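Let's read a structure together, one feature at a time. Have your viewer ready.

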Amino acid sequence: MSDSSGLPQRIARLKELSYNLWWSWHPDARKLFEAVDRPLWKSTHHNPVAMLKDISPRRFKELSEDPSFLRSYDGVFKKFDHEMGTSETWLQKTHPDLAEKTIAYFSAEFGLHNSLPIYSGGLGLLAGEHCKEAGELGLPLVGIGFLYQQGYFHQKIQSNGWQDASYRPLEISRVAIEPATFAKTGEDLISVPVGSRTVYAAVWQVRLGRVQLYLMDTDVEENAPWDRELSARLYAGDEELRIRQEIVLGIGGVRLLRALGISPSVWHCNEGHTAFQMLERIREHVAAGQAFDEAAEAVRKTTIFTTHTPVPAGHDAFASALIEKYFLNYWPLLGIDQSRFWALGCHQESWGESFNMTVLALNLSKGLNGVSRLHGQVSRQMWNHLWPDKKEEEVPIISITNGIHVPTWIAPEINILYRKHIAPDWVNRQDDPLLWQLVKDIPDKDIWEMRQKLKQKLLAFIRDRARKAWVEDQAEASQLLASGTLLDPETLTIGYARRFAGYKRATLIFHDLERLKSILKNNRRPVQIIFAGKAHPADDIGKRLLQEIYNLARDPGMAGHIAFVENYDMHVAHFLVQGVDVWLNCPRPPLEASGTSGMKASLNGVPQLSVLDGWWPEAYNGLNGWTFGREGGENNDGADAEDLYRVLEHEVAPLYYRQDTDGVPRGWIEVVKETIRSVAPQFSMRRVVKEYTERLYAPAINGKKIGKG
Ligand SMILES: *Cc1c(COP(=O)(O)O)cnc(C)c1O
């Protein structure tokens, strides 16, 4: 074994590239790393930092003398250097006045790559992809978050179907993070007052193309053991740990930017976890001599807040004892007393009055948005009481519908098709709807074959994992069945993967088991379903739903037509959204604020079968997938399930199996093409970040009014 510093000069920049996640969304860069050592590439789950550590000097020498490798190497670095250095960005061309205006983006989680398990679901993915895309468009954005050394948990399912959560310490030297240096102070720690204690945090840096992400980490010697563990895990622990984490994230985050010498023009808070940063900025103004009201107004003007869920559990709320314990010494620094401080976040919860982080953020931000048209509406209704003199439609919460970072989620095989038939540079024009008219020019047979190939790839991935579990974990035979080893590549395959939160109704399709069995085991038109997802370790209801599905997957009565893939993360998500035939989405309306996995599937030609919630009412046009479920009302599970069976049995399956003599189902391919055409440009992160820039960032910087649009 040799260290990557043993790289020959000719290919020495491989190390630099491995430390910039830019490689992860550029197919040529991915291929370059894959060519270094295919088996290691696979066994490290596509982590070039780890891979380069394990490669022998002999192999490096071979590569440095291999003309074809060197050709790819030079090509990748030409592109990399060009993109890092270019001033011809979208922002420069369209908003040159904003080119120097830094945007600070705060989030408790970032989903960037599976080698960095510092995300739990859609919220984190959205944050990570917002940062990736901001860099591509030339926005001078910096991200602020936590490096959770144990990350989010690793999931294993016991043979009785119960979820086991384990935490695996991150091996920092084997992932793409580096210590950050503070140009300003020359020190390497920041300090944050957390109640009566001072907590220190080290700072790490992740490079995302041109964008930098700074992650705080309290596991340093200067801290007491209780504080060292503060940032160990994402969304673990009790309310007190949460408030301590959020103090470090918000207040520490502002101090971190100051230590780096960065003065943001706009401050974007992703969800309420980050809202204490607004208080710290007010404190700075007050310390400089302003009165509280003036300071709060100054902060409000440059603050953007995005709310992500109408589900009450998604909004952190703290009891008064905790607020008193941690802010007793802080509110005097803001020039206000306890009751005025409390009023900033005061909210009536089902269990009494609390200090609600969403309320705090809504009170102290000027630019407010929900994440789909429907969610904007629901949020205006939900928070109308904070604007008692306004009618619901006048509540100043706009909506910017979520999207996905297209280069992160496109399958390489599909990318090749788009390059050939749409445009070689389609990625650069991904949000142009006119360009996507060209999808119709892709030969039906090519799309169909590519879709089949991606399904094969998914099933091979599943078998590979099963083989490993068989050998390494002593998995039982029924667990191999449950993991999907008997899935059939020719069968219509439904995918369902997301967090096991109750409102997402993972078990809806099992409402009437006999009915479902008759659909799955239909001789001429069989159907199979692949599930994946984690339940929060403290959520026993979620774990029971998961267990129910797992046990059905183990049940021979289901004939191998149900599978559960363990440890859903970005790696698994790639295989699933690219490899199934249909993406199922069945939340209880209107609780899914947006949802993004269906967008990832659609981009790859996998149509959605979804209730009309989140982003789907904006996207569904009658030809680009299917919808089911009854309008409005509560506890509609029975009726919704019935409707799902009807659509599945009478629309989806017949269309899939109506294949021409050459084996291509023309009607199906028509839906696939319409799915791609209508979803790809509109639900791209490119469209999203442009919208944030034009509707929120630019008005905040220029002191303009923010409109509903
Ligand atoms: C996209 C994604 C999510 C979010 O999916 P939703 O449809 O919004 O629930 C969650 N986890 C992972 C790993 C993802 O890739």
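This is a predicted model: local features need pLDDT of at least 70, side-chain atom pairs count only at pLDDT 80 or more; totals for chains, interfaces and linings use all residues.

Q: How should I read a sheet, and in what order do the three strands lie here?

A: Strands of a sheet pair through backbone hydrogen bonds, and the pairing can be parallel or antiparallel. Here the order is S11-S13-S12, in an open sheet with antiparallel pairing. Strand S11 (317-318) and strand S12 (346-349) are the edges, as each pairs on one side only.

Q: How many bridges join S11 to S13?

A: Two bridges link S11 with strand S13, which spans residues 352-356. To find one in your viewer, look for Phe 318, whose bridge partner in S13 is Phe 355.

Q: Which helix packs on the sheet?

A: That is helix H14 (residues 338-345), which touches S11, S12 and S13. The direction of H14 makes about 85° with that of S13.

Q: Now the ligand: which residues are the closest?

A: Start with the shell, then go to individual atoms. The ligand is surrounded by 14 residues, and the closest are Lys 504, Gly 595, Thr 596, Ser 597 and Lys 600. By class, the shell holds five nonpolar, five polar and four charged residues. Helix H8 (122-137), helix H23 (570-579) and helix H24 (597-603) each contribute at least two shell residues.

Q: What share of the ligand's accessible area does the protein cover?

A: On its own the ligand has 390 Å² of accessible area, and the protein covers 95% of that.

Key:
Residues are numbered from 1 along each chain as its sequence is written. Side-chain values use heavy atoms; hydrogens and water are left out. Two strands pair if DSSP finds at least two bridges between them. Helices (H or I, at least four residues) and strands (E, at least two) are DSSP runs, numbered from the N terminus. Contact means heavy atoms within 4.5 Å. Axes are lines fitted to C-alpha atoms, for helices over the stretch in contact, and angles run from 0 to 180 degrees between N-to-C directions. A residue is near a molecule or strand if one of its heavy atoms lies within 4 Å of it. Accessible areas come from the Shrake-Rupley method with a 1.4 Å probe; for residues, only the protein chains shown count as cover. Ala, Val, Leu, Ile, Met, Phe, Trp, Tyr, Cys and Pro count as nonpolar, Asp, Glu, Lys and Arg as charged, and the others, Gly among them, as polar.
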